[in-house]
Amino acid sequence: MHIWQEYFSTSFTGAPAGFLSAAHLLQLGIGYLCATLLAVTLGRSRRHRTEQEKRRVLRYAAVFQLFFAALKIAADCIDAGSPAPMLLSMPFYLCSIMFVALPLAAFGKSRVARVMTDFVAIFGVLAAVAGAAGAAYIYKIYPALHIHTLECLLTHVASGFAALYIWISHLATFRREDVPLTAGVLGAFMILAVLSNALLASTPYPTNYMFFSRSDGTPFLLFEKLFGAQSILYALSTALAMWLWWGVAGALCSRLSHRADHTQTSPSPHRQQE
């Protein structure tokens, strides 16, 4: 019972970890180091493998991520004695879109897998940095060793790992015909977030999906200070920032991917002489 109370319920007695505290920074450092080393090692070793062999690593990452996400949701529902907390755990945040995108990239077929792989490559690192390092509202509430803090860290770091691995293994394609679909994924989840926030606003479980209502300690705090929470200008600025990242990061990823493909297919000077 003590383990449940301290590590899984909201009736814990431990002190909050604190945003950017020693415990928070230590967790980030270990998480980022492990994810980076794994991504570099596995990505380089599988760079010349088949596509299916490359995707096998993403499958492990997707299962790992979904396990901790499901564990946190289950703990919240048991703690509340109701399935209602699931309303607050829909994958309608930019980071939690990965709970849909990463499994589809790992287990999907053909164009679905291709588009979702590009999406994870574009947004995975942003999720890891903004979602784990910028998770002020989590670390200000919960102890360092709690399902909420650990789930936040591990699921976001898994997204960063997946993105780095995709880049290093040259799994992403970034085809021009897929660009509207990757944009459509982001746009569709934005619409779902807006609808959910509006429908649940007057319920006991109001949501703040995509952080369209307030920043909750995320880097969107800048827009909240400029325009105020719950304002249209704040919501628009938050959405535009996400689209800006999609455009800049997508263009950069596409250029790097095509350059890597060109390097792989170009004959070496030694071979040309032969």
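A residue is called buried under 20% relative accessible area, exposed over 50%, and partly exposed in between. By that scale H170, with a relative accessible area of 23%, is partly exposed. The structure described here is a predicted model. The secondary structure of the protein consists of 11 helices and zero strands, and buried residues account for 46% of its 274 residues.

**Overall form**

- Read along the sequence, the elements follow the pattern α-α-α-α-α-α-α-α-α-α-α.
- The radius of gyration is 20 Å, close to the 19 Å that the globule rule gives for 274 residues, so the protein is as compact as a globular protein of that length.
- The C-alpha trace spans about 70 × 40 × 35 Å along its principal axes.
- Of the contacts between residues at least 6 apart in sequence, 73% join residues at least 24 apart.
- The protein exposes about 14,200 Å², and carbon and sulfur atoms supply 70% of that area.

**Nonpolar core**

- The largest nonpolar core contains 59 residues, and those with the most contacts inside it are L58, L94, F119, F123, L186 and M210.
- Two or more residues of this core come from each of the helices α2 (22-45), α3 (51-80), α4 (98-107), α5 (110-133), α6 (136-139), α7 (147-169), α8 (179-199) and α10 (232-265).
- Helix α5 gives the most to this core, with nine residues.
- Apart from residues up to four places away in sequence, L94 touches F123, L126, L186, M210 and M242.

**Helix α7**

- Helix α7 has 23 residues, which at 1.5 Å a residue should span 33 Å; its end C-alpha atoms are 32 Å apart, which agrees.
- Because 19 of the 23 residues of α7 are buried, this helix is largely enclosed by the rest of the structure.
- T155 lies in helix α7 and counts as buried, at 3% relative accessibility.
- Not counting residues up to four places away in sequence, T155 touches Q65, F68, A69 and F99.
- F161 and Y165 also lie in α7, four residues apart, about one turn of the helix.
- An α-helix has 3.6 residues a turn, so residues three or four places apart point the same way.
- F161 is buried, with a relative accessible area of 10%, and Y165 is buried at 0% relative accessibility.

**The loop after α7**

- H170 follows helix α7 and is found in the loop between α7 and α8.
- The phi of H170 is positive, at about 60 degrees, although H170 is not a glycine.
- L171 is also placed in the loop between α7 and α8; at 6% relative accessibility, L171 counts as buried, being under the 20% limit.
- Leaving aside neighbours within four places in sequence, L171 is in contact with E51, K54, R55, L58, T117 and I166.
- L171 and R49 are 122 residues apart in sequence, while their C-alpha atoms are 9.9 Å apart in space.

**Aromatic residues**

- A pair of aromatic rings is described by the distance of the centres and the angle of the planes.
- A search of the whole structure finds 14 aromatic pairs.
- One of these is the stacked pair of F161 and Y165, with 6.1 Å centre to centre and 20 degrees between the planes.
- F220 and F223 form an aromatic pair that is likewise stacked, with 6.3 Å centre to centre and 20 degrees between the planes.
- Both F220 and F223 are buried.
- One aromatic cluster is formed by F92, Y93, Y137, F189, Y209, F211, F220 and F223.
- Within this cluster, F211 has its place in the loop between α8 and α9 (221-227).
- F211 has a positive phi of about 55 degrees although it is not a glycine, and at 10% relative accessibility F211 counts as buried.

Key: Residues are numbered from 1 along each chain as its sequence is written. This is a predicted model: local features need pLDDT of at least 70, side-chain atom pairs count only at pLDDT 80 or more; totals for chains, interfaces and linings use all residues. Side-chain values use heavy atoms; hydrogens and water are left out. A nonpolar core is a set of buried Ala, Val, Leu, Ile, Met, Phe, Trp, Tyr and Cys residues joined through side-chain atoms within 4.5 Å. Buried means under 20% relative accessible area, exposed over 50%, partly exposed in between (1.4 Å probe, protein chains only). Contact means heavy atoms within 4.5 Å. The expected span of a helix is 1.5 Å times one less than its number of residues. The radius of gyration is taken over C-alpha atoms; the globule rule is 2.2 Å times the number of residues to the power 0.38. Accessible areas come from the Shrake-Rupley method with a 1.4 Å probe; for residues, only the protein chains shown count as cover. Rings of Phe, Tyr and Trp (its six-membered ring) pair if their centres lie within 6.5 Å; planes under 30 degrees apart count as stacked, over 60 as edge-to-face and the rest as tilted.
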